[in-house]
Amino acid sequence: MAFITHSLVKRSWSVFLLLLLLFVAPLCHAQVAGLNSYAALRLTPSPYAAALGMDYISKYDASIEGALCNPALINAQFHAGQMALSYMGLSQGTNFATVAYGWQHQRLGTFVFGLRYCSYGRFDGYD
């Protein structure tokens, strides 16, 4: 008799947890990746990319900054041994710089390495 009661309680508890999960899960909201965190990664790597609205799909050229926006544009003909330096001085002392380098390996293919720097300037801290 105790086994039947224990099994019934265990089943009731499982049903309760399942119903709780079904009704509470739609109410929970997590942080959307890329919208609120690491905002510096969404800054444009070059003025040309900013003019295109970061939509580098429409332009296929030899610019290595295009490979930073759209990795599908990496090509051995254009990017092997190419280096790009970009600096943007934005308003209120914000600085943004990008360094990119393309490297061709005989067996492994073409690689593009990029480094971004973002400084928000000086802030006056008050209590």
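## Surroundings of Ala100

In this predicted model, Ala100 is in contact (heavy atoms within 4.5 Å) with Ile64, Leu68, Gln82, Met83, Ala84, Phe113 and Gly114, leaving aside residues up to four places away in sequence. Ala100 also belongs to the largest nonpolar core, whose five residues are Ile64, Ala67, Ala84, Ala100 and Val112. Such a core is a set of buried Ala, Val, Leu, Ile, Met, Phe, Trp, Tyr and Cys residues joined through side-chain atoms within 4.5 Å; buried denotes under 20% relative accessible area (1.4 Å probe, protein chains only).

## The sheet

Three strands make up an open antiparallel sheet, ordered E1-E2-E3. Strand E1 (83-89) and strand E3 (109-119) lie at the edges with a single partner strand each, so one side of each has no neighbour in the sheet. From one strand to the next the twist averages 10°, taken between N-to-C axes fitted to C-alpha atoms, on a scale from 0 to 180 degrees.

Strand E2 (residues 95-105) pairs with E3 in the antiparallel sense through 11 bridges; pairing requires at least two DSSP bridges. Within E3, Tyr117 is the bridge partner of Ala97.

## Overall composition

The protein contains four helices and three strands, in the sequence pattern α-α-α-α-β-β-β. These elements are DSSP runs: helices H or I of at least four residues, strands E of at least two, numbered from the N terminus. Of the 127 residues, 21% are buried.

## Basis of the values

Residues are numbered from 1 along each chain as its sequence is written. Local features need pLDDT of at least 70 and side-chain atom pairs 80 or more, whereas totals for chains, interfaces and linings use all residues, and side-chain values use heavy atoms, without hydrogens and water.

Terms used:
Buried < 20%, exposed > 50% of the residue type's maximum accessible area, 1.4 Å probe, protein only.
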